[in-house]
Structures are given as structure tokens and as C-alpha cells.
Amino acid sequence: MKLVPLGDRVVLKQLIAEETTKSGIVLPGQTKEKPQQAEVVAVGPGGTVDGKEVVMQVSVGDKVIYSKYAGTEVELENEEYIVVKQNDILAVIK
């Protein structure tokens with residue numbers, strides 16, 4: 001099975017949170033906050049959404065930062081994904 005986003009939606013796979021800080025402190029699992037960094041795994045076609053022309057600015061494989069409370073979490077074949085609108089993506093990591 002495969003997720004195919006519609007309109008201006010983007011499917012993201014969240015990047016793994018760091019287990020230790022730069023200074024070497026090990027973070028317990030419960031206190032870690034999920035990072036807002038993810039990799040783009042699928043991009044919708046864009047087009048006209050709500051009467052406005054939308055051009056998709058991200059592509060598959062891009063590493064991005066997205067809004068903290070954005071999107072819908074989906075589990076498919078034991079993998080977790082987040083489906084967000086393109087305007088919930090704040091930046092592309094180069």
C-alpha cells in the first residue's frame with residue numbers, strides 16, 4: 001500500500017529524535033519531545049485549492065521543519081506518517 005496525497009497535502013516521515021544531547025547527557029524516552037523535523041515521502045499535485053493556485057515547493061526526499069501541532073498522524077504497514085498541508089511546512093533543511 002502507498003499513501004498518495006491530494007491537493008496541497010504532503011506526507012512526512014518523522015526523523016528519529018536524538019537520544020543524547022551534544023554534551024553527552026542521555027535523555028530518557030518519556031521526557032523527549034518529538035522533533036518537528038521530517039522527510040518528505042510523497043507530495044500532492046497542487047493545482048487549484050480553495051480557489052487559489054497552489055504550486056508545490058517541496059519534493060520527495062527533502063528534509064523539512066513543520067508546525068508543531070500540524071497535520072494528521074497515520075499508521076500504515078507499521079510505519080508512522082504525518083499528512084500536512086504545504087503551508088504547515090515552515091522550512092526546508094539544506
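This is a predicted model: local features need pLDDT of at least 70, side-chain atom pairs count only at pLDDT 80 or more; totals for chains, interfaces and linings use all residues.

Let me start with leucine 12, which, when its neighbours within four places in sequence are left aside, is in contact with Ala38, Glu39, Val40, Val41, Val64, Tyr66, Tyr81, Ile82 and Val84; contact here means heavy atoms within 4.5 Å. Residues are numbered from 1 along each chain as its sequence is written, and side-chain values use heavy atoms, with hydrogens and water left out.

By nonpolar core I mean a set of buried Ala, Val, Leu, Ile, Met, Phe, Trp, Tyr and Cys residues joined through side-chain atoms within 4.5 Å, where buried is under 20% relative accessible area, exposed is over 50%, and partly exposed lies in between, with a 1.4 Å probe and protein chains only. As general background, nonpolar side chains tend to be buried together in soluble globular proteins.

How many helices and strands does the protein chain have? The secondary structure comes to zero helices and eight strands, counting as helices DSSP runs of H or I with at least four residues and as strands runs of E with at least two, numbered from the N terminus. Six strands form an open sheet in the order β6-β7-β1-β2-β5-β8, with antiparallel pairing, and two strands are said to pair if DSSP finds at least two bridges between them. The edge strands, each pairing on one side only, are β6 (72-76) and β8 (89-93). On average, neighbouring strands of this sheet are turned by 40 degrees against each other, direction ignored; the axes behind that angle are lines fitted to C-alpha atoms, for helices over the stretch in contact, and angles run from 0 to 180 degrees between N-to-C directions.

The hairpin of β6 and β7 has two residues between the strands. Glutamate 77, placed in the loop between β6 and β7, has a positive phi of about 50 degrees although it is not a glycine, and at 54% relative accessibility glutamate 77 counts as exposed. Asparagine 78 is in the loop between β6 and β7 as well, with a positive phi of about 60 degrees, again without being a glycine, and asparagine 78 is exposed at a relative accessible area of 70%. For context, most residues other than glycine have a negative phi.

Now to the charged side chains: a search of the whole structure finds three salt bridges, each defined as a side-chain nitrogen of Lys or Arg within 4 Å of a carboxyl oxygen of Asp or Glu. Glutamate 79 and lysine 13 meet in one of them, at 2.4 Å from N to O. This pair links distant parts of the chain, with glutamate 79 in strand β7 (residues 79-85) and lysine 13 in strand β1 (residues 9-14), 66 residues apart. Lysine 63 and glutamate 39 form another, at 3.6 Å from N to O; here lysine 63 lies in strand β5 (residues 63-66) and glutamate 39 in strand β2 (residues 37-43), 24 residues apart. Arginine 9 forms a salt bridge with aspartate 8, the closest N and O atoms being 3.4 Å apart.

Finally, for the chain as a whole, 26% of the 94 residues count as buried, and residues 24 or more positions apart account for 64% of the contacts with a separation of 6 or more.
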